[in-house]
Amino acid sequence: MQIILSDVLGFCFGVSRAITMAEEALADGGAVSTLGSLVHNPQETARLAAAGIRQVEMPEEVDGDTVVIRAHGARPETFDVLRARHLRIIDATCPFVQKSQRIAQRFMAQGKTLIIVGHENHPEVQSILGYFPGPAHVVASPDEVAALPDGITPGVIAQTTMPEEIFQAIIAAIAARYPRYEACDTVCSATRERQEAARRLATQVDAIYIVGGRRSSNTNRLAEICHQVCSRTYLIETADEINPADLAGVEKLGVAAGASTPAWLIHTVIDRLETLANQGS
Ligand code: SF4
């Protein structure tokens, strides 16, 4: 059995950077907390917790001397609370999210109405809204454009993980309704690159494993995309979930992983699969 890895898999730049920054802060000494989870992967979250990186949900709950802001960023008032508490702040906001925050500030200065293509409760969207203290709207589908107010000049950006086609469909609906608007495409290529690479691989193999958290939306989406072209698509969180029966008759096996899956977890899966492949040869 030949094992083929997806061309692009595992942590994106922003998540990898945030975890490295948290680990470096821990190595400096003292207690380290993160505001919200650094990554949507239960095994990586458990590893970080075991290393001593504590997760809290509110700035008031930080009980050490260092707090890490995750890749999604945080609202300015959250930074104010942390500064007032004289905490050491490690700002791991992804530079691509910081770019969206700066665009929101520019739209504010220009008197535009901020429209974010995304999901209202997503932490990245909430962090960006904090940089726009004016009228703002979050839309997730072209149908929702009809409910926006009349007479505005929209300034449109996207939650970085939104599918490009949804962003473009919403821009088309906005262009049809408003004579003047500005759109900045802030969709991050990390998600798209992983999806395209996994789909490509799924067309070339007999079966494919998608490694990642069951509650991770990017992992589930990857499995859906691969299942469209390869019926033997299996989503697993760890190597323990590999079922040798799933590999019966498989000559080419693919392995892909979303942007929230750590490299060490992918390697444990590959090691187990190589052992099974050697046993079968
Ligand atoms: S998906 Fe893109 S924008 Fe989001 S954290 Fe990763 S690199 Fe940054």
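Me: Let's start with Ser-33: in which strand does Ser-33 lie?

Reply: Helices (H or I, at least four residues) and strands (E, at least two) are DSSP runs, numbered from the N terminus. Here, Ser-33 belongs to strand 2, which covers residues 32-35. This is a predicted model, where local features need pLDDT of at least 70 and side-chain atom pairs count only at pLDDT 80 or more, while totals for chains, interfaces and linings use all residues. Residues are numbered from 1 along each chain as its sequence is written, and side-chain values use heavy atoms, with hydrogens and water left out.

Me: Is Ser-33 buried or exposed?

Reply: Buried means under 20% relative accessible area, exposed over 50%, and partly exposed in between (1.4 Å probe, protein chains only). Ser-33 has a relative accessible area of 1%, so Ser-33 is buried.

Me: Which residues is Ser-33 in contact with, leaving aside its neighbours within four places in sequence?

Reply: Contact means heavy atoms within 4.5 Å. With neighbours within four places set aside, the partners of Ser-33 are Arg-54, Val-56, Val-62, Asp-63, Gly-64, Thr-66, Val-67 and Val-68.

Me: Moving along, where is Thr-78, and why does Thr-78 count as buried?

Reply: Thr-78 is part of helix 3, residues 76-84. Its relative accessibility is 16%, so Thr-78 counts as buried. Beyond its neighbours within four places in sequence, Thr-78 is in contact with Leu-35 and Pro-59.

Me: What about His-86: where is His-86 found, and what is its phi near?

Reply: Most residues other than glycine have a negative phi. His-86 has a positive one, near 60°. You will find His-86 in the loop between helix 3 and strand 5 (88-91). With 72% relative accessibility, His-86 counts as exposed.

Me: Which residues surround the ligand?

Reply: A residue is near a molecule if one of its heavy atoms lies within 4 Å of it. The ligand is surrounded by Cys-12, Gly-14, Ala-71, Cys-94, Phe-96, Thr-160 and Cys-188. For the classes, Ala, Val, Leu, Ile, Met, Phe, Trp, Tyr, Cys and Pro count as nonpolar, Asp, Glu, Lys and Arg as charged, and the others, Gly among them, as polar. By that scheme the shell has 5 nonpolar, 2 polar and no charged residues.

Me: Zooming out, how many helices and strands does the chain have?

Reply: The chain has 9 helices and 12 strands. Of its 281 residues, 50% count as buried. Its C-alpha atoms fill a box of roughly 65 × 50 × 20 Å along the principal axes. Among contacts with a separation of 6 or more, 70% come from residues 24 or more positions apart.
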